[in-house]
Structure formats: structure tokens, C-alpha cells
Amino acid sequence: MPSHDHPVIINGIFRQNYGNNIEDPNLNGFKAGMYELVRKGFLEFDENEKHVVLDLNLKRFSFRINHEYYKLHKSELFDFEIKMMEIFEKISENDIVHFEDINKDDFMLLFESWQASVRDYLKETDEVKKIP
């Protein structure tokens, strides 16, 4: 569906799995948020570096945090994007995030805190109420 909304917001409002809470973003929304941060320049893929591996399932996936850009443009981010950046800073090693090296339980705790930040955004902005 064409929209100017953030991909995470679209995921939080429209879900493929019926029966889930309308405000509960899933892992696909998290991945969409990561790609949006790449598009905006906060995260980087460097195809010349061996650490970059793309895998849509996050099993073998890595990228670099662009701290300089983040410092200059943090104010342009949604709160839930800032939460993502904080998560990536916690799980990075030398500014590089390797998803295959992350403890699944630790990641799920961070992921749930990110979900809460998206739910808070949706409630604060009444995004869900805009849907007919």
C-alpha cells in the first residue's frame, strides 16, 4: 500500500498474522527499521569490507554504526529509531553489529524494549486512530 509513513509504523499498524495486537510490531518491522536507518545514513554497509553479510533472516547479517552522522543528525530520528541505535550500540563490537554473535535471549529483551517504544509512539501520535 502506498504510504509516506515510516516502514515501522506500517508494520505496527498492518500485520500479516491475524489475531496479533494492532500496535505490536514484529521482527519484519525491526528489519524494515534497520533498512530505513541505512537509507538515512545512520547505519552503513561497505561492500568492500569482509564484515558485511546481508541475510534477510538476520542469521548472518552485519553493518557498521555511523557514529559521526548519528551525532550530527540524531534530532531527525523518531524515538523508536533512537531506541534502535541504542540497541545497536549495546550489541556492537568496534561499531560493527554482527547478528550471528548475539545471544538470542539478550536480543529478545532489547527487541521487546524497542517494540514498547514503537507502541508508545503509536499511542502518542494517534497513528492507529487515523486508519478508517
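**Aromatic pairs, sheet and nonpolar core**

Y70 counts as buried at 7% relative accessibility, where buried means under 20% relative accessible area, exposed over 50% and partly exposed in between (1.4 Å probe, protein chains only). The model is predicted, so local features need pLDDT of at least 70 and side-chain atom pairs count only at pLDDT 80 or more, while totals for chains, interfaces and linings use all residues. Residues are numbered from 1 along each chain as its sequence is written, and side-chain values use heavy atoms, with hydrogens and water left out.

The structure holds twelve aromatic pairs; rings of Phe, Tyr and Trp (its six-membered ring) pair if their centres lie within 6.5 Å, with planes under 30 degrees apart counted as stacked, over 60 as edge-to-face and the rest as tilted. One of these involves F30 and F111, whose ring centres are 5.7 Å apart and whose planes stand at 75 degrees, so the pair is edge-to-face. Because F30 lies in helix 2 and F111 in helix 5, this pair ties together parts that are 81 residues apart in sequence. Both F30 and F111 are buried. The rings of F42 and Y70, with centres 6.2 Å apart and planes at 80 degrees, are therefore also edge-to-face. F42 belongs to the loop between helix 2 and strand 1 and Y70 to helix 3 (residues 67–73), so parts 28 residues apart in sequence are tied together. F42 is buried, at a relative accessible area of 1%. One aromatic cluster is formed by F30, F63, F88, F107, F111 and W114.

Helices (H or I, at least four residues) and strands (E, at least two) are DSSP runs, numbered from the N terminus. Three strands make an open sheet of order 1-2-3 with antiparallel pairing, two strands being paired if DSSP finds at least two bridges between them. Strand 1 (43–44) and strand 3 (96–98) are the edge strands, each pairing on one side only. Strand 2 (residues 62–65) pairs with strand 3 over three bridges, and F63 stands opposite V97 in strand 3.

The largest nonpolar core has 28 residues, and those with the most contacts inside it are F30, M85, F88, F99 and W114. Such a core is a set of buried Ala, Val, Leu, Ile, Met, Phe, Trp, Tyr and Cys residues joined through side-chain atoms within 4.5 Å. Helix 1 (7–13), helix 2 (27–40), strand 2, helix 4 and helix 5 (104–125) each give two or more residues to this core.
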